[in-house]
Amino acid sequence: MPHSVPLIHTIAAALGLALVLGFVAARLRLPALVGYLVAGVLIGPFTPGFVADAAMASQLAEIGVMLLMFGVGLHFSFGDLLAVRKIALPGAVVQMMVATALGMALATWWGWGLGAALVFGLALSVASTVVLLRALEARGILNSYTGRVAVGWLVVEDLAMVLVLVLLPPLAEWLKGGSDAPLNAAQLWQTLGWTLLQVGGFVALMLLVGRRLFPWMLWQVARTGSRELFTLCVVAAAVGIAFGSAALFGVSFALGAFFAGMVMRESEFSHRAAQQSLPLRDAFAVLFFVSVGMLFNPAVLWERPLQVLAVLAIIMLGKTLAAAALVLALRYRLNTALTVSASLAQIGEFSFILVSLGSSLGLLPPEGASLVLAGALISMALNPLLFHAIAPLEEWLRTHCVLARRLEQRNDPLAELPMGTNSQLLARQVVLVGHGRLGRRVASALTAHGIAFVVAEQNRKRVESLRAEGIAAVFGDAEDPAVLIQAHIAQAYLLVIATPDTMNVRQIIATARALNPTIETVVRSHNEDEAHRLAQECDRTEVFLADEALAQSMTRHVLDRTQARPGRSPHPVPGQA
């Protein structure tokens, strides 16, 4: 049996080296992606030693792209995006335009053509969703409002990049032509129209047929009880739809896989599909990142150091400053602005997909790919440091920066209760922090029993809706004493914290107790250890554990149904007294 098999050599070298370097990166508190990219550099053609088969790695990377985009579509929720659309949609669009313009200006100054400059600018404009999610999870703020804003921002960027991946191939010839190939407006519009028509046909087919066919198919396979058949069905659908979309409609593998994930989300088995396909998606995603690393020429670091620094300046300064300014201009808090800007101070998987596509279309020169990859490696390595700097930077800005204090103290009609609020409401009322799924139910129960309450909420849209319904609500983070003062915490007898984020609960309780030492508190928790610590550390605090409350409700229902069952046997269960 021959032992010189390029496919096996490539996979073995890529996965083995990625494991070692990914582990080293994790131990250094860096994203594992950095290790995967470095593994690709070491087995690439620009470093000595073993060189993997680039063509084979490229095909494996295509599968990785399909499964990555399938995962993005599987977790994509229009509801989550709509909840933060007023900040995420305009913010992401404007920030991408600013970053793309900066990148194009830099590339044009270097003498690159229009196509190279456009691909280069777009590659610098979009951040890594994978890096962001892991950073937010590590800090426990993924489910906070600020975390949802950051994720929604990147979802908008991802959708914009999907559109770019669709439109770039038909425009490639014109973009490569530059001044030697003058624009034929009629031909351009014809190409764009035909491309959008094909994409529209594919999207319509997926939404009208796929949303019913594929969930039904998952149900039929799940009925067999075979785990391997279910996993095979999920993967076959992802890869098959991606390939079929390219073959029949001329759209990219990425778009086909994205919509495959979206239609799979409609199934009640979407969570199971995500869980069972995760190992395979992770494995091929690693191969994708390794293959991208193979495109990187380390010589760019010492041959073009000023260009690398310029790229980093756009990624870590241009994007972040533009995002922070936009968030503050939309009248959100300084902490939200700093968190969103830190989230965007890196580039990742979509940049790599765009670099690969731009290189294959002949738009991006080799040094362009190396500069983008250098920017990705360094920015991902430095990104955790930016998140650690948010708290001290926020404190410093509030202490030493007059502009920051003005932005925090500026008049906001939603940051204080309306002048006409009933004075009787502000005596012995309940202060409800958060008006999400749990907060809405608490508010409905308080309303039904005629109990006065004031809502403190970080979502401006919800505060506007509550006020339109005649409910007293203030906008802001309850950690901020000014927000609780506006909610008249000093006259309240009960503080109910109904937010999914439990990281800032202690600070909210401490702030409330400083303003009202006798107030009682009610909080939620999803973790038993955390609930136990909260109960011990915070006196006069009732902690409700989600799983325990659910178990008690189900047990009570079972006992009630059992007691009410006709003809119930009076004999005890064997083994019980």
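I take axes as lines fitted to C-alpha atoms, for helices over the stretch in contact, with angles running from 0 to 180 degrees between N-to-C directions. Helices (H or I, at least four residues) and strands (E, at least two) are DSSP runs, numbered from the N terminus.

I note that this is a predicted model, in which local features need pLDDT of at least 70 and side-chain atom pairs count only at pLDDT 80 or more, while totals for chains, interfaces and linings use all residues. Residues are numbered from 1 along each chain as its sequence is written, and side-chain values use heavy atoms, with hydrogens and water left out.

**Entry 1: α14 and α15**

I looked up helix α14 (residues 305-329) and helix α15 (residues 334-343); their axes come within 8 Å and cross at roughly 150°. That makes α14 roughly antiparallel to α15 (angles under 35 degrees count as roughly parallel, over 145 as roughly antiparallel, 65 to 115 as roughly perpendicular and the rest as oblique).

I then listed the contact (heavy atoms within 4.5 Å). Thr320, Ala323, Ala324, Val327 and Leu328 of α14 meet Leu334, Thr336, Ala337, Val340 and Ser341 of α15. By class, this contact of α14 with α15 has seven nonpolar, three polar and no charged residues. Here Ala, Val, Leu, Ile, Met, Phe, Trp, Tyr, Cys and Pro count as nonpolar, Asp, Glu, Lys and Arg as charged, and the others, Gly among them, as polar.

**Entry 2: α6 and its partners**

I turned to helix α6 (residues 114-125) and helix α16 (residues 349-360), whose axes come within 8 Å and cross at roughly 165°. α6 and α16 are therefore roughly antiparallel to each other, and α6 passes α16 in a left-handed crossing. Val119, Leu122 and Ala123 in α6 meet Ser351, Leu354, Val355 and Gly358 in α16.

The axes of helix α5 (residues 85-109) and α6 come within 7 Å and cross at roughly 140°. That makes α5 oblique to α6, and the crossing of α5 and α6 is right-handed. The residues of the contact of α5 with α6 divide into eleven nonpolar, six polar and no charged.

**Entry 3: the sheet**

I found an open sheet of six strands in the order β3-β2-β1-β4-β5-β6, with parallel pairing (two strands pair if DSSP finds at least two bridges between them). The edge strands, each pairing on one side only, are β3 (473-475) and β6 (541-545). Neighbouring strands of this sheet are turned by 15° against each other on average, direction ignored.

I checked the pairs from β1 onward. Strand β1 (residues 430-433) and strand β4 (residues 494-497) pair in the parallel sense over four bridges; leucine 432 has valine 496 in β4 as its bridge partner. Helix α19 (residues 437-448) packs on the sheet, touching β1, β2 (453-457), β4 and β5 (520-525), and its direction makes about 160° with that of β1. Helix α20 (residues 460-468) also packs on the sheet, where α20 touches β2 and β3.

β4 and β5 pair over four bridges, and isoleucine 497 stands opposite valine 523 in β5. β5 and β6 pair over five bridges, with arginine 524 opposite phenylalanine 544 in β6.

Definitions and conventions:
Left-handed = near helix turned anticlockwise from the far one by under 90°.
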